[in-house]
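Okay, thanks for coming, everyone. Let me put the model up and then we'll walk through it.

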Amino acid sequence: MTADGRTIGARELAAEAVLLMERHRITALLVVDGERRVVGALNVHDLLRAGVM
Amino acid sequence: MATPAHSPTAPAPLDDAALVESGRVALGVEAEAVAALGRRLGDDFVRACRLMLACRGRVIVTGLGKSGHIAGKIAATLASTGTPAFFLHPAEAVHGDVGMITREDLLLALSNSGETNEILLLVPVLKRLGVPLIALTGNSGSALARAADVHVDVSVPAEACPLNLAPTASTTASLAMGDALAVTLLRLRGFTEQDFARSHPGGTLGRRLLLHVADVMHAGEEIPRVGPESTVSAGLLEMSRKGLGITSVVAPDAACSGYSPTATCGARSTGASTSIRPGCRRS
């Protein structure tokens with residue numbers, strides 16, 4: 001596994017998630033809160049479906 | 001029907017170069033008409049901007065014929081750039097729609113001649129309501145220009161139409177002046193990209209600026225999770241079950257509803273596809 005994998009906050013823009021995925025060449029992200037607890041997950045298909053990429 | 005019904009004689013044939021030249025002349029006339037407006041811009045434009053900025057209601061844009069089409073576009077541009085606006089058809093206005101105008105509003109009237117009767121019929125109504133009138137006309141001596149609180153001159157030396165009849169350069173001039181007003185108001189209001197997005201939730205820009213991770217993410221039971229003690233096959237099964245190509249690896253922690261912070265938070269992806277090609281972007 002990858003310890004400390006890439007994460008994003010739930011209040012960030014979905015477009016930011018796209019940039020993060022492009023920058024790190026990954027296709028999914030975990031969404032964490034201020035204390036880095038996992039509160040969600042998303043992948044490129046969710047972003048495609050939402051029309052942000 | 002080789003000859004169009006409106007033409008008694010067949011038009012002279014034009015070769016390809018002549019067609020291009022004709023288009024070039026028309027575009028040149030229109031470009032010069034717009035450029036000339038810029039050179040003449042002055043106090044009237046400033047007063048129009050200030051009046052529109054001070055408007056507490058809506059900017060109601062009106063015009064008939066080609067000016068009506070331009071008025072509709074100006075209203076749409078104003079509305080999407082922070083100035084609430086709508087188009088009012090002058091013929092409908094004098095048959096009841098004038099009731100759409102309130103004391104808080106402002107009327108922006110377009111008429112190249114400045115003598116459009118349907119618009120002139122509105123003037124007494126505006127005066128009674130105390131609604132300011134900004135006129136965009138090509139004739140400073142016209143009845144509409146004289147009745148207006150502010151007259152912005154949009155006159156052009158000639159239409160692009162070779163007969164100097166069809167409204168072409170004059171409508172382009174009005175359209176460009178409408179844009180000049182709209183973008184100046186946008187600046188005055190400190191209108192941002194975010195504000196623009198708010199009036200375009202259906203567009204790509206709107207989605208990019210308004211949609212947050214929380215709106216698209218999977219939460220609760222849809223989040224793939226395994227513990228650090230789980231076997232790799234349990235992890236693979238969880239990834240397959242949740243279908244995101246990833247699983248979080250988190251340690252149970254009673255204190256924070258079952259999942260613990262950083263130290264043990266990790267992720268494992270299938271790694272099957274590692275990049276997003278720019279070509280995947282939706283326009």
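So, is B:Cys49 buried or exposed? B:Cys49 is buried, at a relative accessible area of 5%, and B:Cys55 is buried too, at 16%. Buried here means under 20% relative accessible area, exposed over 50%, partly exposed in between, with a 1.4 Å probe and protein chains only. As for disulfides, meaning pairs of cysteine sulfur atoms within 2.5 Å, the count over all chains is zero.

Quick housekeeping: this is a predicted model, where local features need pLDDT of at least 70, side-chain atom pairs count only at pLDDT 80 or more, and totals for chains, interfaces and linings use all residues. Residues are numbered from 1 along each chain as its sequence is written, chains are lettered from A and ligands numbered from 1 in the order written, and side-chain values use heavy atoms, without hydrogens and water.

Chain A has a mean pLDDT (the predictor's confidence in each residue, from 0 to 100) of 91, with 100% of its residues at 70 or more.

Now the sheet in chain B. Five strands (DSSP E runs of at least two residues) make an open, parallel sheet, ordered β2-β1-β3-β4-β5. β2 (85–88) and β5 (150–153) of chain B are at the edges with a single partner strand each, so one side of each has no neighbour in the sheet. Pairing takes at least two DSSP bridges between two strands; β3 (106–111) and β4 (133–137) of chain B have five, in the parallel sense. In β4(B), B:Ala135 is the bridge partner of B:Ala109.

Technical notes
Helices (H or I, at least four residues) and strands (E, at least two) are DSSP runs, numbered from the N terminus.
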